[in-house]
Amino acid sequence: MKWFDQITESISRKVAQNSSRRSFINGFGTALIGGAAIPLLPVARAAEGHGGGQPVAPVDGAVDDPASCDYWRNCSIDGFLCSCCGGSSTSCPPGSEMSPITWIGTCKNPHDGKDYIISYNDCCGKTSCGNCFCNTNLLDRPTYRPHTANDINWCLGTDSAAYHCTVTLVLGVATKKA
Ligand code: ABN
């Protein structure tokens, strides 16, 4: 093993002769600061809260508040926005239950120009919320065709039929024109 010791010693001496303390500190500092900066690099993150996990780009005149009737996902709603009732655009307020049977609409996302299938699920089991009533009705049809109408209490299949508010769930991209 003597040969191994000699080689190691010779390499160590060469490194020590050719590198100063200053250059070591310089290199070490660069590695430290460079490493710390890596988490600051841009990475793709799913956009939360704007629907469908779609990338969100600012669009002139677009309303980006889910608690507004003009928010793109609310294009075909008839009811109270759960965002104004203690819930969110995708979750029912505490104490209410989401209806499994819903009205389905199609709305254009101004951020990417695509049409999305939106499920308007009623939240049930509490009296009417009374806040942020919206009646936008895009492609809504008369109630004698209930499967294409939004002016219906969809609190069916829930413990209670009492209507409280409505959430808007993005089901996917619409591939065919409605
Ligand atoms: N789908 C909302 C709703 C509930 C009760 C009555 C009319 C409309």
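Visitor: How many nonpolar, polar and charged residues does the shell around the ligand have?

Guide: Sort by class. Ala, Val, Leu, Ile, Met, Phe, Trp, Tyr, Cys and Pro count as nonpolar; Asp, Glu, Lys and Arg count as charged; the others, Gly among them, are polar. Here the shell holds three nonpolar, two polar and three charged residues. Keep in mind that this is a predicted model: local features need pLDDT of at least 70, side-chain atom pairs count only at pLDDT 80 or more, and totals for chains, interfaces and linings use all residues. Residues are numbered from 1 along each chain as its sequence is written, and side-chain values use heavy atoms, with hydrogens and water left out.

Visitor: Which residues are around the ligand?

Guide: A residue is near a molecule or strand if one of its heavy atoms lies within 4 Å of it. Around this ligand you find D78, D122, N150, D151, I152, N153, W154 and Y163. The protein buries 79% of the 260 Å² that the ligand exposes when taken alone. Such accessible areas come from the Shrake-Rupley method with a 1.4 Å probe; for residues, only the protein chains shown count as cover.

Visitor: What lies 2.8 Å from a nitrogen atom of the ligand?

Guide: Look for polar contacts. Each is a pair of N or O atoms within 3.5 Å; within protein, one must be able to donate a hydrogen and the other to accept it, and residues adjacent in sequence count only if both atoms are side-chain atoms. At 2.8 Å from a ligand nitrogen there is an N or O atom in the side chain of D122. I152 uses its backbone: an N or O atom there is 2.7 Å from a nitrogen atom of the ligand.

Visitor: Is Y163 buried or exposed?

Guide: Buried means under 20% relative accessible area, exposed means over 50%, and partly exposed is in between (1.4 Å probe, protein chains only). Y163 has 16% relative accessibility, so this residue counts as buried. Y163 lies in strand β6.

Visitor: In what sense do β3 and β4 pair?

Guide: Helices (H or I, at least four residues) and strands (E, at least two) are DSSP runs, numbered from the N terminus. Two strands pair if DSSP finds at least two bridges between them. Strands β3 (residues 103-108) and β4 (residues 115-124) are antiparallel, with six bridges. G105 is bridged to I118 in β4, and C107 faces Y116 in β4. Six residues sit between the strands of this hairpin, and G113 has a positive phi near 70 degrees.

Visitor: How many bridges join β4 and β6?

Guide: Nine, in the antiparallel sense. I118 has V170 as its bridge partner in β6. β2 also pairs with β4 in the antiparallel sense, over two bridges. There, E97 is opposite C124 of β4. Eight of the 10 residues of β4 are buried, so the strand is mostly covered.

Visitor: How many disulfides does the whole structure have?

Guide: A disulfide is a covalent bond between the sulfur atoms of two cysteines. The test is a pair of cysteine sulfur atoms within 2.5 Å. A search of the whole structure turns up seven. One of them joins C69 and C134, with the sulfur atoms 2.0 Å apart. C69 lies in the loop between α2 (21-37) and β1 (78-80), and C134 in strand β5 (residues 133-135), so the bond ties together parts that are 65 residues apart in sequence.

Visitor: Why is the C69 and C134 disulfide left-handed?

Guide: Because the torsion about its S-S bond is about -85 degrees. C69 is partly exposed at 27% relative accessible area, while C134 is buried at 0%.

Visitor: Where are C84 and C132 in the chain?

Guide: Their sulfur atoms are 1.9 Å apart, in a disulfide. C84 is in the loop between β1 and β2 (97-98) and C132 in the loop between β4 and β5, 48 residues apart. C84 is buried at 19% relative accessibility; C132 is partly exposed at 29%. C132 also has a positive phi of about 50 degrees, although this residue is not a glycine.

Visitor: What is the torsion about the S-S bond of C124 and C155?

Guide: About -90 degrees, so this disulfide is left-handed. The bond links C124 in strand β4 to C155 in the loop between β5 and β6 (163-173), 31 residues apart. The sulfur atoms are 2.1 Å apart. Both C124 and C155 are buried.
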